[in-house]
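This briefing is meant for a reader who is meeting the structure for the first time. It begins with the chain as a whole and then turns to helix packing and to a few individual residues.

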Amino acid sequence: ASPSVSEANQPPTSSQKRIVNFPRVYPGLSIGNMSTGNVCEIFVDFACPYSRKMFATLSALQLQPKYTEKMAFVYHNVIQPWHHQSLWLHESAFAVKILYPEYETVFWKALFDDAPRWYDKEVYDWTRGEFYNRISFFAAKVIVKEETINNNNSNLDANVLQKQFLQYLIPPKQPGGDFPHEARKLLGSEPQDDENALFPLTKQVVKFQRKRGVHVTPTCFFNGIEQGQISSSWNIAEW
């Protein structure tokens, strides 16, 4: 379960959370049964409307156990440089992965549902700090809502959770920086770094995307082979 309100004032220790800086075969969000050996990989960007459309279609498909029991769907983060806020959106998902991994899927769905609010024209004149403040509070509200629904825990304070997220998002040398010391073991970050605590994970997913030769989003692979015929316009029947 997520931290209580008293525990939430302190970042989780490395013993409480999984270590994520070690490269994994599938570093993204996994849904379904990985043990079958049948894996559909989808490379997506939170700032891409076509990724949003495909994620919505597949989310509906994944409600059917006949698919998730026989295969796995893995969503990989793709940070697209032509959307300047893309990195910051993916960093928010990385922070949730580290602090509240049990709500990673829920957060992806919430962020894609809310994606138009974070598109280029909506955030054009926001500073990086302003973006972090808003996306961290959004993430905090998602966690509080889920905790209230699932665990009847209405004591969590979104403002306290926001501070946890900002520890990972704001570079330690910048105003408001408060390096989360467990990130040393979790991610290999250091308080002397010029970038934020999530930077090692950002580099890992970018390298993974490049090694797979992915350029546009969404791009799909099935059992390691790119499936160029798959389109974001596909409906559930076509999938």
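Helices and strands are DSSP runs, a helix having at least four residues and a strand at least two, and they are numbered from the N terminus. The model described here is predicted. On this basis the chain has nine helices and five strands, and from the N terminus on these elements run in the order β-β-α-α-β-α-α-α-α-α-α-α-β-β.

**The chain as a whole**

- The chain has 239 residues, and buried residues make up 51% of them.
- When contacts between residues at least 6 apart in sequence are considered, 73% of them join residues at least 24 apart.

**Helices α3 and α9**

- Helix α3, formed by residues 86-99, packs with helix α9, formed by residues 199-211, at an angle of about 110°, and their axes are 10 Å apart.
- Angles of 65 to 115 degrees count as roughly perpendicular, and α3 and α9 are therefore roughly perpendicular to each other.
- The crossing of these two helices, α3 and α9, is right-handed.
- On the α3 side the contact is made by L87, E91, F94 and K97, while α9 contributes L201, T202 and V205.
- Sorted by class, the residues in the contact of α3 with α9 are four nonpolar, one polar and two charged.
- Helix α3 is itself mostly covered, since 13 of its 14 residues are buried.
- The length of α3 also fits expectation, because 14 residues at 1.5 Å a residue should span 20 Å, and the end C-alpha atoms of α3 are 20 Å apart, which agrees.

**Helices α4 and α6**

- Helix α4, which covers residues 104-113, and helix α6, which covers residues 128-151, pack at an angle of about 125° with their axes 10 Å apart.
- This angle leaves α4 and α6 oblique to each other, and their crossing is right-handed.
- The residues that make this contact are V106, F107, A110 and L111 from α4, together with I135, F138, A139, V142 and E146 from α6.
- In the contact of α4 with α6, eight residues are nonpolar, none is polar and one is charged.
- The buried residues of α4 are E104, F107, W108, A110, L111 and F112, and these buried residues pack against the strands β1 (29-32), β2 (39-44) and β3 (72-77) as well as the helices α1 (49-61), α3 and α6.

**The cis peptide bond and its surroundings**

- Most peptide bonds are trans, but a cis peptide bond joins T217 and P218, with omega at about -5°.
- T217 lies in the loop between α9 and β4, and P218 is found in the loop between α9 and β4 (219-222).
- With a relative accessible area of 12%, T217 is buried.
- Leaving out residues up to four places away in sequence, T217 touches F43, V44, D45, C48, Y50, S51, V78 and Q80.
- T217 and N77 are 140 residues apart along the chain, yet their C-alpha atoms are separated by 9.8 Å.

**A positive phi at N223**

- Most residues other than glycine have a negative phi, whereas N223, although it is not a glycine, has a positive phi of about 50°.
- N223 has its place in the loop between β4 and β5 (225-226), where N223 is partly exposed, with a relative accessible area of 38%.

- S30 lies in strand β1 and is partly exposed, with a relative accessible area of 36%.
- Neighbours within four places in sequence aside, S30 is in contact with F73 and V74.
- Although S30 and F73 are 43 residues apart in sequence, they are 5.8 Å apart in space, C-alpha to C-alpha.
- P175 lies in the loop between α7 (158-169) and α8 (183-187), and because its relative accessibility is 73%, P175 counts as exposed.
- From C-alpha to C-alpha, P175 and G129 are 9.3 Å apart in space, although in sequence they are 46 residues apart.

Definitions and conventions:
Residues numbered from 1 in each chain as written. Predicted model: local features only at pLDDT ≥ 70, side-chain atom pairs only at ≥ 80, totals over all residues. Heavy atoms only, no water. Axes fitted to C-alpha atoms, helices over the stretch in contact; angles between N-to-C directions. Parallel < 35°, antiparallel > 145°, perpendicular 65-115°, else oblique. Left-handed = near helix turned anticlockwise from the far one by under 90°. Contact = heavy atoms within 4.5 Å. Nonpolar A, V, L, I, M, F, W, Y, C, P; charged D, E, K, R; others polar. Expected span 1.5 Å × (residues − 1). Buried < 20%, exposed > 50% of the residue type's maximum accessible area, 1.4 Å probe, protein only.
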